[in-house]
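The following paragraphs give a guided reading of one protein model. Please consult the sequence and the coordinates alongside the text.

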Amino acid sequence: MQVSSSTNAPAQQEGKSPMQKATEVQSQQVLKILEGLDEQSKQTQQINAQKTGMGNNVNLLG
């Protein structure tokens, strides 16, 4: 029977190398940034639509 050593890093115990783990973390951070940019873009488009009277929100009073 083989006993695992306590000196192993948690990433190695999961079967992932530290490089794989770092790459996954980086990928998740990039996805969060892209999602934030997508949301910001949608808000900008909505604001522009309101200013020009185009889009879903037509300003009839202004």
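In this predicted model, Lys 42 and Asp 38 form a salt bridge whose closest N and O atoms are 3.6 Å apart. Both residues belong to helix α2, where a spacing of four residues places them about one turn of the helix apart. Lys 42 counts as partly exposed, at 48% relative accessibility, and Asp 38 is likewise partly exposed, with a relative accessible area of 42%. Side chains of opposite charge can pair when their charged atoms come close.

How many salt bridges does a search of the whole structure find? The search returns two. Lys 16 is partly exposed, its relative accessible area being 29%. Glu 24 is also partly exposed, with a value of 31%.

Val 30, Leu 31, Ile 33, Leu 34 and Leu 37 make a nonpolar surface patch of about 480 Å². Of these residues, Leu 31 lies in helix α2, which spans residues 18-52.

The chain as a whole provides the setting for these features. The protein chain has two helices and zero strands. Of its 62 residues, 3% count as buried, a class that requires under 20% relative accessible area. The accessible surface of the protein chain comes to about 5800 Å², with 54% of that area belonging to carbon and sulfur atoms.

How values were computed
Residues numbered from 1 in each chain as written. Predicted model: local features only at pLDDT ≥ 70, side-chain atom pairs only at ≥ 80, totals over all residues. Heavy atoms only, no water. Buried < 20%, exposed > 50% of the residue type's maximum accessible area, 1.4 Å probe, protein only. Areas by Shrake-Rupley, 256 points an atom, 1.4 Å probe, with all protein chains shown as cover. Patch = residues over 30% accessible without salt bridge, like charges linked within 9 Å, V, L, I, M, F, W, Y side chains within 5 Å. Salt bridge = Lys/Arg side-chain N within 4 Å of Asp/Glu carboxyl O.
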